[in-house]
Amino acid sequence: MIVMAATIVAQPIAAQEDSLSQKPAIELTDDSIRADATIEELIGEEDMKELEEAASTQGFHTQLKTKFVEGTAGFMSLVALALVLGLAFCIERIIYLTLSEINAKKLLTDIEKKVEQNDIEGAKSICRDTRGPVASICYQGLMHIDEAMDVVERSIVSYGSVQSAKLEKGCSWITLFIAIAPSLGFLGTVIGMVMAFDQIQEAGDISPTIVASGMKVALITTIFGIIVALILQVFYNYILSKIDHLTSQMEESAITLLDIIMKHKLRHE
């Protein structure tokens, strides 16, 4: 404690806003300082308040925590919960869609080579060993290769709808959290305004200080709710772009597979 106090005294007050942890410690040789003296006694109450204010302004994390408490922990916790759950669904969808992406052209080239060699089982094996909806659709089409073309096409289209539904799984929850986050913020704002008017009623006078502080706290929940909705909306649009890419890849692959099956049937007629 004595070393810290001497370090603070030795530095100019103007430099107290800098990082105090990086300043070299100065050993004390003054015997007049009591060993049980507190920091407040050594540097004074005003300097101690300045240090506390400087510490409170350090870092975004501290400011965020302060605003979170000012916005009332009840509604701010609900908004934070919407952000966490929404991000969880977004991350799960992004991982699933990323793993579903493959080199569809290479897959269809390999399948075409196997079909030309009349190795249908080999083509099915390639589809089974490849992840993603494109491979699943190709496998479904190869299973009906000996049937009529309309049956093959109907099978591919039906199974494509199933795969598209799997790609969009969980997206409805993301849209729910995008809508619910600002709604919770608005609800917190309305309740905060009611509490502010209660404070005005208790004070018996419309003081600008009371009104300003109450409105400030009430609007914090709305700000956080809108920020959460914007963050989730960015992730949701990215997910939609990946779904559109996979859907177009599935449609293109289905058309190519139908051409491969048609050529195979014509060679064996």
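This dialogue walks through the features of a predicted model.

Reader: What kind of model is this, and how are its residues numbered?

Author: The model is predicted, so local features need pLDDT of at least 70 and side-chain atom pairs count only at pLDDT 80 or more, while totals for chains, interfaces and linings use all residues. Residues are numbered from 1 along each chain as its sequence is written, and side-chain values use heavy atoms, with hydrogens and water left out.

Reader: How many helices and strands does the chain have?

Author: Helices (H or I, at least four residues) and strands (E, at least two) are DSSP runs, numbered from the N terminus. Here the chain has 11 helices and zero strands. The order from the N terminus is α-α-α-α-α-α-α-α-α-α-α.

Reader: What share of the residues counts as buried?

Author: Buried means under 20% relative accessible area, exposed over 50%, and partly exposed in between (1.4 Å probe, protein chains only). Of the 269 residues in the chain, 35% count as buried.

Reader: And what is the accessible surface of the chain?

Author: Accessible areas come from the Shrake-Rupley method with a 1.4 Å probe; for residues, only the protein chains shown count as cover. The chain has about 16400 Å² of accessible surface. Carbon and sulfur atoms hold 61% of that surface.

Reader: What percentage of the contacts join residues at least 24 apart?

Author: A contact means heavy atoms within 4.5 Å. Take contacts between residues at least 6 apart in sequence: 74% of them join residues at least 24 apart.

Reader: Which rings form an aromatic cluster?

Author: Rings of Phe, Tyr and Trp (its six-membered ring) pair if their centres lie within 6.5 Å; planes under 30 degrees apart count as stacked, over 60 as edge-to-face and the rest as tilted. The structure holds two aromatic pairs. Phe-89 and Trp-173 are stacked, because their ring centres are 6.0 Å apart and their planes lie at 10°. This pair links distant parts of the chain: Phe-89 sits in helix α5 (residues 73–100) and Trp-173 in helix α10 (residues 171–203), 84 residues apart. Phe-89 and Phe-177 are tilted, because their centres are 6.1 Å apart and their planes lie at 35°. Phe-177 is also in helix α10, 88 residues from Phe-89. Together, Phe-89, Trp-173 and Phe-177 form one aromatic cluster.

Reader: Is Phe-177 buried or exposed?

Author: Phe-177 is buried, at 10% relative accessibility. Phe-89 is partly exposed at 28%. Trp-173 is partly exposed too, at 45%.

Reader: How many salt bridges are there?

Author: Side chains of opposite charge can pair when their charged atoms come close. The rule asks for a side-chain nitrogen of Lys or Arg within 4 Å of a carboxyl oxygen of Asp or Glu. The count comes to five salt bridges. One of them joins Glu-92 and Arg-93 at 3.0 Å, N to O. Glu-92 is partly exposed at 38%, whereas Arg-93 is buried at 3%.

Reader: Which residue forms a salt bridge with Glu-101?

Author: Glu-101 pairs with Lys-242, with the closest N and O atoms 3.0 Å apart. Glu-101 lies in the loop between α5 and α6 and Lys-242 in helix α11, so the pair ties together parts that are 141 residues apart in sequence. Glu-101 is partly exposed at 27%. Lys-242 is buried at 8%.

Reader: And which residue forms a salt bridge with Asp-119?

Author: That is Lys-114, at 3.8 Å between the closest N and O atoms. Asp-119 is partly exposed at 27%, and Lys-114 is partly exposed at 27%.

Reader: Where is Asn-118?

Author: Asn-118 is in the loop between α6 (104–116) and α7 (120–128). Asn-118 is not a glycine, although its phi is positive, about 60°. At 44% relative accessibility, Asn-118 is partly exposed.

Reader: How many disulfides does a search of the whole structure find?

Author: A disulfide is a covalent bond between the sulfur atoms of two cysteines. The cut-off is a pair of cysteine sulfur atoms within 2.5 Å. The search finds zero disulfides. For Cys-138, the nearest cysteine sulfur is that of Cys-127, 5.1 Å away. Cys-138 is buried, at 0%. For Cys-171, the nearest cysteine sulfur is that of Cys-90, 8.4 Å away. Cys-171 is buried, at 6%.

Reader: Which residues form a nonpolar patch on the surface?

Author: Patches are made of residues with over 30% relative accessible area and no salt bridge: like charges are joined within 9 Å, nonpolar side chains (Val, Leu, Ile, Met, Phe, Trp, Tyr) within 5 Å. Here the patch is Ile-223, Ile-227, Ile-231 and Phe-235, with about 310 Å² of accessible area together. Ile-231 is found in helix α11 (residues 208–267). Ile-231 is partly exposed, at 33%.
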